[in-house]
Amino acid sequence: MIAQIGKEHYNKLHEILVLSRKNLKNFDESLIQRAFFMCYRAHEGEKRASGEPFFFHPVEVATILLTELPLDGVSVAAALLHDVIEDSGYTYEDIVAELGVEVAEIVEGLTKISGIMINRETTQAEGFRKMLLSMVKDIRVILIKFCDRLHNMRTLESLPEHRRLKIALETRDIYAPLAHRFGLGKMKVEFENLALKFIDPEMFAFLEQKIRMSRGDRVNYLAKMITPIKADLAQQGFKVEVNGRAKHLFSIYNKMRNKNKTFEDIHDLYGIRVIVDTERIADCFSIYGFITQQYPPVPQYFKDYISVPKHNGYQSLHSAIIGPKGHMVELQIRTQRMHEFAELGVAAHWRYKEKISRDDVNIDSFLRWARELIKDADSAASFMEGFKLNLYHDEIYVFTPKGDMKTMPAAATPIDFAYAIHTEIGNGCIGAKVNGKIVRLNAQLKSGDRVEIITSKNQKPKSDWLKVVVTQRAKLKIRSAINEDRRLQIEKGRGMWEKMVSGTKKLLSDNDIIQYVKGYGLKTPADFFSALASQQINGEEVIERANSSRKEEPAAKTFNDEAREVEDYLQKARHEQEEGLPSKKDEVVIAGMNNIAYAYANCCQPVPGDDVIGFVTADGVKIHRKNCVNVSNDNLLKSERIVLVSWNRKVETDFLAGIKIVGEDRLGIMNQLTTVISKFDTNIRTISLNAHDGMFVGTMMIYVRNAEKLNTLMEKLKKVQGIFTVERLIS
């Protein structure tokens, strides 16, 4: 066996088998051995970015699985083979033949989701939808994916900076919250800290140094509390483990950023966790009573997650107590089993059951939210919005009049509650009673509230509701109802309008409608039809205004008139050329002639390399990009006023171009963007930024030599940390 794979690799197999014997209950040792050899054959000769054999990566993923999330032998085999279908010649059928259907299906699920983290656009949303679907089929898919991402984060230094930032942002925004959702407390913390290390390395190093420098003081301080607590609890007959703990770096970072505090201003850096060696829940409450006799509690921080667990199954008593010198210390009390669930989350079920099925009650509680999210989303964009919204939020527990409990996000309103019960109840909601009293629809519910929804058949959802609801389900249902109502209104209004104008000599086009209703504050034909249906505008008045305008207008130019104007203009240009009048060095060639006045259209701002076209006006030729919305109309393109335009290859002028940038609103991002542009040897004319809800939309007017250089610059800007999209500006 050693001769087949070498001593170093054989030692890796030995380590995996030792860990398996230590951490797994029942497993097929030969299955893991066969998976190991297939993994070695599949990746033989491949290298990672660090230069080490790629084979080490799946081995480390399997090792992390065994130490962090010990599941079963099938999971270890799948972890070893998680990249095999994607990166080698092995197929799903090969894995079935060698290791069985169960391993092959998990590997196939991992293959389907391995390439989804490519950007923040629709493809990402569809990828996450696939990930959740795979997860619902077998939860082990996502648990192995967590281990894969954790090893990638631990070895991220070998990648280029732009890839490090991209992966770190994905880890912070998706993997850490998702790990939290599955109750993987320990893994969530490591995801967040490693992400911070690459997103803001300076702050990470600063906090790490501060924590290291203050470690001695923290240990001594907590020891003065832990010793008497353990002695007192032992005297009362409790067998406990009491540990001191510090806030993790990302938690401190967030508190400093969100509350605009310095490190020295953070006073709740200390924490004590009491783990009870018993399964009697009452002991946790008794211990809380004994501890708070020594150290006064801070009542507003008391949380009973034992009686009402979190959405991910987490159970513990939380509080805060005042320690020596007036420092506030976080306190957690839980049983040993609760502690395992807090660290391992859904994976802890494997420690207490021989076999876990996807229909298991405990597993189903972790996946119900994913099923609802997939079902409710009506588009990739709404799915992504709901996915992020549902990952991380505090919870409250609200009851129906019959006593059924609903878990809602903090700050949920009666409208959110109504939609959580049923779409029709939400759509018809006109009021609510909370604990027997009438409340406003924007009132914020609290844990323990008993809510009764009052409905009416005549009620319809209002756009103002979108400003107060917090659940994605409510937002989707409200938008859907409003859009459907508007669609029906537009159809009704269009039908009314067609009847009104059916007897007139000339039907008004949609463009005519826009022209004649601007005075009413309406911008589109759809706005007009909707206003007509709701009797906000009088259609007869619009017809009268159109008829009056036609009488006042001069006679319209005929096709021959337009053609004659164009020919006169071109004849004049030819005459000037023949007379030998001085000419400038043209940047473009128009209809094969020189000395024709031209200007670039402000709406699309063409630059050399763009496909362009000219449009003859009284002042000369306006040059547009061919894909400009102002010249893309088929009738316009057939007009005699259109002339062919091409770029002069010898032109060496800088051209003004506009770009639109959408990104994450964070400190220093504008400096990064301008640095990229300045390094590209490009001048900036104007910058405009508009920030809202953590996002910014910016426009820049810059000088570039040609379209190729502009596209290169845009690609560089896309790689800046926190930038979502960069595109040409079309006004």
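Modeller: Helices here are DSSP runs of H or I with at least four residues, numbered from the N terminus. This is a predicted model, where local features need pLDDT of at least 70, side-chain atom pairs count only at pLDDT 80 or more, and totals for chains, interfaces and linings use all residues. Residues are numbered from 1 along each chain as its sequence is written, and side-chain values use heavy atoms, without hydrogens and water.

Helix α3 (residues 29-43) packs on α7 (residues 92-99) at about 145°, with axes 10 Å apart; axes are lines fitted to C-alpha atoms over the stretch in contact, and angles run from 0 to 180 degrees between N-to-C directions. Leu-31, Arg-34, Ala-35 and Met-38 of α3 meet Asp-94, Ile-95, Glu-98 and Leu-99 of α7 (contact means heavy atoms within 4.5 Å). Of these contact residues, five are nonpolar, none polar and three charged (Ala, Val, Leu, Ile, Met, Phe, Trp, Tyr, Cys and Pro count as nonpolar, Asp, Glu, Lys and Arg as charged, the others, Gly among them, as polar).

Now look at α10 (residues 140-154) and α12 (residues 185-199), which pack at about 35° with axes 10 Å apart. Their crossing is left-handed. Among the α10 residues that meet α12 are Phe-146 and Leu-150, while Phe-191 and Leu-194 are among those on the α12 side. This contact has nine nonpolar residues, no polar ones and three charged ones.

Definitions and conventions
Helix = DSSP H or I, 4+ residues; strand = E, 2+ residues; numbered from the N terminus. Left-handed = near helix turned anticlockwise from the far one by under 90°.
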